[in-house]
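This report is meant for a reader who is meeting the structure for the first time. Please keep the sequence and the model in view while reading the sections below.

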Amino acid sequence: MELHNFMEKEVLNTIDRLLKDRPDICHCEKCRMDIAAIALNNLKPKYVVTEKGEAYIKVSELEVQFEVDILKEVIKAIEKVSKEPHHE
């Protein structure tokens, strides 16, 4: 069995979705991971172990507030990293 934070997948998917329309933002792996780390630190983790647990989380992800919270934190993180990227 493997333990993982379901939010990681959702945050990374949201980052990819938002960055594809933002050529003005760096898309390098370092910036993507910085954005993810900042957003995840501001979101409540949702750990799952079983497929049943993941199915339960997916149901709650259908809630509008779930997606709004992720979008809000990812957008804030993108703005922060784009102002001060930590790469060469």
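## Starting from Glu8

Glu8 is found in helix 1. This is a predicted model, and in it Glu8 has a relative accessible area of 40%, so Glu8 counts as partly exposed. Although Glu8 and Lys46 lie 38 residues apart along the chain, their C-alpha atoms are separated by 8.9 Å.

## The chain as a whole

The protein chain holds four helices and two strands, and when it is read along the sequence these elements follow the pattern β-α-α-β-α-α. Of the 88 residues in the protein chain, 31% are buried.

## The largest nonpolar core

The largest nonpolar core is made of 17 residues, and within this core the residues with the most contacts are Val11, Ile15, Ile35, Ile70, Val74 and Ile78. Helix 1 (6-19), helix 2 (29-41) and helix 4 (64-83) each supply at least two residues of this core, and helix 4, with six residues, gives the most to it.

Ile70, one of the residues with the most contacts inside the core, touches Met7, Glu10, Val11, Thr14 and Leu43, when residues up to four places away in sequence are not counted.

## Helix 1 against helix 4

How do helix 1 and helix 4 lie to one another, and at roughly what angle do their axes cross? The axes of the two helices come within 10 Å and cross at roughly 60°, which means that helix 1 is oblique to helix 4. Helix 1 passes helix 4 in a right-handed crossing.

On the side of helix 1, the contact is made by Phe6, Met7, Glu10, Val11, Thr14, Ile15, Arg17, Leu18 and Leu19, while helix 4 contributes Phe66, Glu67, Ile70, Leu71, Val74, Ile75 and Ile78. Sorted by class, the contact of helix 1 with helix 4 has 12 nonpolar residues, one polar residue and three charged residues.

## Thr14 in this contact

Thr14 has its place in helix 1, and it is among the residues of helix 1 that make the contact with helix 4. Is Thr14 buried or exposed? Its relative accessibility is 6%, and because buried means under 20%, Thr14 counts as buried. With its neighbours within four places in sequence left aside, Thr14 is in contact with Ile70, Leu71 and Val74.

## Helix 1 against helix 2

Helix 1 also packs with helix 2, at an angle of about 130° and with the axes 10 Å apart, so that helix 1 is oblique to helix 2. The crossing of helix 1 and helix 2 is right-handed.

Here Met7, Glu8, Val11, Leu12, Ile15, Asp16 and Leu19 in helix 1 meet Arg32, Met33, Ile35, Ala36, Ala39 and Leu40 in helix 2. By class, the contact of helix 1 with helix 2 has 10 nonpolar residues, no polar residues and three charged residues. Glu8, the residue with which this report began, is among those of helix 1 that meet helix 2, and Val11 and Ile15, likewise on the helix 1 side of this contact, are among the residues with the most contacts inside the largest nonpolar core.

Definitions and conventions:
Residues numbered from 1 in each chain as written. Predicted model: local features only at pLDDT ≥ 70, side-chain atom pairs only at ≥ 80, totals over all residues. Heavy atoms only, no water. Core = buried A, V, L, I, M, F, W, Y, C linked by side-chain atoms within 4.5 Å. Buried < 20%, exposed > 50% of the residue type's maximum accessible area, 1.4 Å probe, protein only. Contact = heavy atoms within 4.5 Å. Axes fitted to C-alpha atoms, helices over the stretch in contact; angles between N-to-C directions. Parallel < 35°, antiparallel > 145°, perpendicular 65-115°, else oblique. Left-handed = near helix turned anticlockwise from the far one by under 90°. Nonpolar A, V, L, I, M, F, W, Y, C, P; charged D, E, K, R; others polar.
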